[in-house]
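Please open the structure in the viewer and keep the selection panel at hand.

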Number of protein chains: 2
Amino acid sequence: MSENHVLYLGDTALSGAAAYLAGLMTAFGIGYDYVPSDQPLSSEMASVRRKLFILSDYPSSRMLPAVQEIVLKQVHDHAAGLLMIGGWESFRGHGGDWNNTPIADALPVEISHEDDRVNCDQPALILAGEAHEITAELPWDSRPPTIGGFNRVIAKPGSATPLLVQRFNAAYEAGRFQFTPRDQHPLLVIGAHGFGLTAALMTDLAPHWVGGFVDWGAGDAERVTAQAPGSWQIEVGNLYSQFIANLLTWTGQLATQAV
Amino acid sequence: MSENHVLYLGDTALSGAAAYLAGLMTAFGIGYDYVPSDQPLSSEMASVRRKLFILSDYPSSRMLPAVQEIVLKQVHDHAAGLLMIGGWESFRGHGGDWNNTPIADALPVEISHEDDRVNCDQPALILAGEAHEITAELPWDSRPPTIGGFNRVIAKPGSATPLLVQRFNAAYEAGRFQFTPRDQHPLLVIGAHGFGLTAALMTDLAPHWVGGFVDWGAGDAERVTAQAPGSWQIEVGNLYSQFIANLLTWTGQLATQAV
C-alpha cells in the first residue's frame, strides 16, 4: 500500500482544473499521486496498491484495457474504491469515450454510446435522492446549489442514487420570472464491484460544469482556501468542501486528518 | 492606428481563461494584441492607437496611473472604447483594486472600496433593463441565462443599464422547488468618457462566474467553436457568442467579418 492512498487521474493539470480536488485533498490530509490528463497510466503506476482511484476528465485513450484491468483487480479483490467525476472528457463526453471499456462495466451507471454532455444555460439544481452517508447532514433541501452541466447516464440495477439534478425552463413573463420543471437525471450513483465501492458523479467538481456548487455555503466566514503543491490557491464554499470530503472518504473508505 | 484594433488585457493567459474572448475575436475577424494578467502594460504598448481596450481580470497593479492616463487619453480624445469585464481580479474584486484609479473615474460604475465579489451558489438570472443595441434581438425574456457570480457595483448617474442580475433563494419544500426573489444588481452598464464609449460588464465571460451564460443557446446545432492562435479550442453557445459580438462592436465601434 502506497502512503499516498489515492491515485488521481485527469482534470487537465495541477496548473489548471486539478487545483480544486488536489487542493482539497491536501487540506484534508489525504495523500495522493497525480497523473495529468495528457499522460497515460502505466501498468506499473496502476499496480501500486491504493485505497481510491479517481478519474475526472481523464480520456479512456490514456488507459489501455489491460491497465484498466489492473485497476479493477484492486477494486474487486482488494476493496479499493473507484470514482468517476463528470466532464467533457468523462463518461462518454466529447473524447472521454469510457463506454465499452472494462471500467464502464465496473461503474454503477450505463454510459451512453453518443455524446452525453448536457450544458445548462438555464437553472439546474441538485435534488437529494436516497439517503446516504455521503449526502447526510448537508442542506440539499434548504439551500439546493446549482450546477452548470452533467453527463447524461442511466443508473444500473442494484445501484443507489443519493443525488439527482432537476433542470428548469426559466422565463421572464408579466414582470416576474417563472420556473417550469423539465427533465431530471441521476447526478450521484453508488454501487460496488467485488469488495470495492464505486461512485459516479455526473457533474464536474471544477468549472464550468460545477456551476454554483463550487461556492456552496453560507457566507464569507465559511469560505475554504486550499492549495496543492505545484498548484494554485483555490477559494471555495464550505459545503462543497464537506461534500467532497464525504464522497472521497466513503468511496475510498479513507480516514482524513481535517474532516 | 494598429491593424489590431483591440488591446485585450488579462484573463490569466491564452492557455487559460483568455481562450474564450480571444477565440471569439479570432472567429469574428477582430484583430487584437494580448497581454496576460501577470504582465504589466508598458507606456509604449498603451500608446499604440486602438479602437477598444478590454480589461478582464487584469489587476490594477499591472497598469501604472501614468499608463492608465495614456489609455484614457485615447478614449477621451480619440474615441477609443473602454470595457471592463468582471471577475475576482476586476473592479475591486480580490486583488483587482481598480477603485481609486484613473480608469475607475472613466468607467460608468462606482467601484467598491471593499471586496465586491458575489459568488452565487443558488440561481442568479440575467434580466433585461434599458433597451440598447448591445442587447437587442436576444431572448433575455424567453430564455434568461444563469450566471455564477459578479462584482457588486453601483451605476453612475448618466449611465444606462441594459442588463441586471436577479438573485434567487431556492428551496425544496413539500415535494417541489420554490424560488424566492432576493437582491438585484446592475450587470451591464454603459456610458461615455469624452468621445469614447465605456462599458462595465460585472459578470465574467469565462468560467466560473460566466455560469450557464457561456452555453446560452438553443441546441447542439447552434454551438460555436473557435480557437485563437496559441490558445485552445472553445465550444460555446451561439447566443453568448452573439452577445459578445454586440458588446465589442458597440463599445469599440468595430466592424467585424463574421457577425
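Please note that the model is predicted.

**The interface as a whole.** Begin by selecting chain A and chain B together. The contact draws 33 residues from chain B and 33 residues from chain A. About 2800 Å² is buried between the two chains, and carbon and sulfur atoms give 61% of that area. Next, select B:Asp121, B:Phe177 and B:Phe179: these residues supply 23% of the area that chain B buries against chain A, more than any other three residues.

Which side chain meets that of B:Arg117 in a salt bridge? Select A:Glu235: its side chain and that of B:Arg117 form the bridge, at 3.2 Å from N to O. The rule finds four salt bridges across the interface of chain B and chain A, and 14 residue pairs in polar contact.

**The chain B side.** Now display the strands of chain B. S10(B) gives the most, with five residues. By residue class, this side of chain B divides into 17 nonpolar, nine polar and seven charged.

**A helix in chain A.** Finally, select residues 238-252 of chain A, which make up helix H5. Step on to A:Gln253, which follows H5(A) and has a positive phi, near 50°.

Definitions and conventions:
Residues numbered from 1 in each chain as written. Chains lettered and ligands numbered in written order. Predicted model: local features only at pLDDT ≥ 70, side-chain atom pairs only at ≥ 80, totals over all residues. Heavy atoms only, no water. Contact = heavy atoms within 4.5 Å. Buried area = accessible area lost by both parts, 1.4 Å probe. Polar contact = N/O pair within 3.5 Å; in protein donor to acceptor, adjacent residues only side chain to side chain. Helix = DSSP H or I, 4+ residues; strand = E, 2+ residues; numbered from the N terminus. Nonpolar A, V, L, I, M, F, W, Y, C, P; charged D, E, K, R; others polar. Expected span 1.5 Å × (residues − 1).
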